[in-house]
Amino acid sequence: MTDDLDDLKQALKAATPDPNPAARSAHMALARKNFADLQETPSSTRPMSDRPRRGFWTGVFAMLNSLTTRAALTATTAFVAFGFVVVNLSELVPLRFADGPSQAPQEVRQEESNLHNLPVQPKPETRVRSDEKARALPESGLSSDDPEQDSYQTKQAAGLAAAPVSESLQRRGAVGALIDSPQVMPVEDNLESFANEAPNRLKVTSENPVSTFSIDVDTASYAVIRNSLMNGRLPDPDAVRIEEMINYFPYDYPAPDGTAFQPTISVSATPWNPHTRLVHIGIQGALPDAGKRPPLNLVFLIDTSGSMNQPNKLPLLKQSFRLMLGQLRPEDQVSIVTYAGSAGQVLAPTAASERAVILNALDQLGAGGSTAGQAGLQQAYAAAVAMREEGEVTRVILATDGDFNVGISDPEALKTYIAQKRDSGIYLSVLGFGRGNLQDATMQALAQNGNGQAAYIDTLSEAQKVLVDQLTGALFPIADDVKIQVEFNPAQIAEYRFIGYETRALRREDFNNDAVDAGDIGVGHTVTALYEVTPVGSPAQLNPPLRYQPATADEGGEELGFLALRYKAPGAATSQLIETPITADMPPLPDAGFATAIAGFGQLLRSSDYVSGWSFEDAIALATETKGNDTFGYRAEAIQLMRLAASLSGN
């Protein structure tokens, strides 16, 4: 008596023809061809939902459809069964064909690394009339002349190369790689880079009396420091930019009267050195007028690469932009451009009143692929050009973890490209998300050359601060290319030291050169700068007088120094000048004490030898004493961070 399995065996044995070497060879050749096509797809445009079907299984189905005889179908069944056995065995032995080994994952990664060498190729934009804003935008450098890049971008958009290589995949051949599921790989902290220079050193006034710098309203450094401390570790010293720590907080400086902004100067004691003084320079931008602001055109340029597939990156980014949408007016417009293996526009220019449409476009975004930053920037600027109208403010907001790894090989060419767009009136701001591969140096370069602000968002509270509470200051400029030059009087000041602004230093001759770019001030912004100065005859003087002294002019009298400030009205080519003397009797400002506490905190984090007699406890005491008005709790949070730093430092 036989069971059903025996009956099936007999039926298959009777129906199966003798082996046909020629047919087997043809089938294997077709399988190899389909497999090779899947590994490196031909150059094509970005895949769409109606793209032609292709791939390994598509080829198999086509082969089956072309075979109609009973014998051929039986032979194909045997071939498919043989294929499943091979795939299962590939866990132990990599699959090889007669013409050589399959492509290894390491070789695929080598192809990806070659994409770093692609040149930046900005292409001219095509202007679109107002009545064409809702139509598809023109191409703007989205595809490369390099077929290897196009094929790579096609694979990435199809989701085939986005999955990281797992340990089991490394043991398999390429067939095993095709069926491995995507997963998120951990990233190492040493992939981060920060833009900074060595701390400013003490300068002898008689030898170098002039200090020139560009203002800075960025706040990214403070948020990165907070993120490190809240995660139980002291920040990388290079991540500490003291001016961004100080300027993170709003200050109660005198408001300007009928002008764009007003500088205020005070002189006070130095808490970490009783024999020196602090010169405190504060600038208050004109406060916002709720009834007056031009229409706003925003292009959200969103990084959707695989590295953004973490809760504190793309999901937080979506939540952050949701908050921002609530601050926009019906006459404002929003467009969304994304980039990963390739770039594309996912939302045409849409009125801010169409909130549901914009939110739906945001909700549909997912992470996967490499980071084609060049293509994304080009597409975003093309969208901005199409949206721009006379009298409106147009800005690109780049949201990324900063990991640009495809299409940008020449940073100087990139800076030039962004500067050209800046000069045309389209500014670029940068928002950083996540840690591990944060490329702060790249983000700073982009924002500085784009006349925009760089901020780091690690919590929804920070998104509220940057994109809601301070939105007008971040997006609506009131002064461009703001430069400050301080000349100290050697008859009164023996030495001085500029605290922070290392990455914003300018040459002396740059001050009067209107072609030199500098920082910008937005509506309601405050900017703070601190100098520690050593009076002549003070025991704190570290450099003894030279034997041969130049004759000292007496024109300065009792002045400690002289402040000169240059700025341009937005869009203007010629700067305006503001000048005021610095005298010892200038009273301290109400907020000077808290700014000083933050400056001391930053120097401690950088292990400065100029505050060696001071401690985190001293900074905590001064900040607590001078906290003043703290409507949003930012200053209380800073004091808590000081406590964490004290504990982590072992003090």
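Predicted model: local features only at pLDDT ≥ 70, side-chain atom pairs only at ≥ 80, totals over all residues.

User: What makes Lys-465 count as lying over the face of Tyr-248?

Analyst: Lys-465 is placed 3.9 Å from the ring centre of Tyr-248. The cut-off for a charge over a ring is 6 Å, together with an angle within 35 degrees of the ring normal. Lys-465 also lies over the face of Tyr-634, at 5.4 Å from that ring centre.

User: Why is Arg-226 called buried?

Analyst: Its relative accessibility is 5%, and buried means under 20%, so Arg-226 counts as buried. You will find Arg-226 in helix α9, which spans residues 220–230.

User: How do you know that the side chains of Arg-226 and Glu-637 are joined by a polar contact?

Analyst: The contact has a length of 3.3 Å, and the limit for a pair of N or O atoms is 3.5 Å. Glu-637 is also among the residues in contact with Arg-226 beyond four places in sequence, a list that includes Tyr-248, Asp-458 and Glu-462.

User: What makes the pair of Tyr-222 and Phe-249 edge-to-face?

Analyst: A pair of aromatic rings is described by the distance of the centres and the angle of the planes. For Tyr-222 and Phe-249 the values are 5.2 Å centre to centre and 75° between the planes. Tyr-222 is in helix α9 and Phe-249 in the loop between α10 and β5, so the pair ties together parts 27 residues apart in sequence. Both residues, Tyr-222 and Phe-249, are buried.

User: And why is the pair of Phe-261 and Tyr-567 edge-to-face?

Analyst: The ring centres of Phe-261 and Tyr-567 are 4.7 Å apart with the planes at 65°, so this pair is edge-to-face. Phe-261 belongs to strand β5 and Tyr-567 to strand β17, so parts 306 residues apart in sequence are tied together. Phe-261 and Tyr-567 are both buried. A search of the whole structure gives 19 aromatic pairs.

User: Why do β3 and β5 stand at the edges?

Analyst: The order in this open sheet of 5 strands is β3-β14-β16-β6-β5, with antiparallel pairing. β3 and β5 each have a single partner strand, so one side of each is left without a neighbour in the sheet.

User: How do you know that β6 and β16 pair?

Analyst: Strands count as paired with at least two bridges, and 8 bridges join β6 to β16, which run antiparallel. Val-279 stands opposite Tyr-531 in β16. Tyr-531 is also part of one aromatic cluster, along with Phe-213, Phe-488, Tyr-496, Phe-498 and Tyr-501.

User: What lies across β5, β6, β14 and β16?

Analyst: Helix α18 does, running at about 75° to β16. Ile-598 is found in this helix, α18.

User: Why does Ile-598 count as buried?

Analyst: At 0% relative accessibility, Ile-598 falls under the 20% cut-off, so it is buried. Ile-598 touches Met-245, Ile-246, Phe-249, Ala-638 and Met-642, leaving out residues up to four places away in sequence.

User: One last thing: what makes strand β8 mostly covered?

Analyst: In β8, 7 of its 7 residues are buried. Gln-333, Ser-335, Val-337 and Tyr-339 are buried on one side, and Val-334, Ile-336 and Thr-338 on the other. Strand β7 pairs with β8 in the parallel sense over 7 bridges.

Key:
Residues numbered from 1 in each chain as written. Heavy atoms only, no water. Helix = DSSP H or I, 4+ residues; strand = E, 2+ residues; numbered from the N terminus. Buried < 20%, exposed > 50% of the residue type's maximum accessible area, 1.4 Å probe, protein only. Polar contact = N/O pair within 3.5 Å; in protein donor to acceptor, adjacent residues only side chain to side chain. Contact = heavy atoms within 4.5 Å. Phe/Tyr/Trp six-rings, centres within 6.5 Å; stacked < 30°, edge-to-face > 60°. Axes fitted to C-alpha atoms, helices over the stretch in contact; angles between N-to-C directions.
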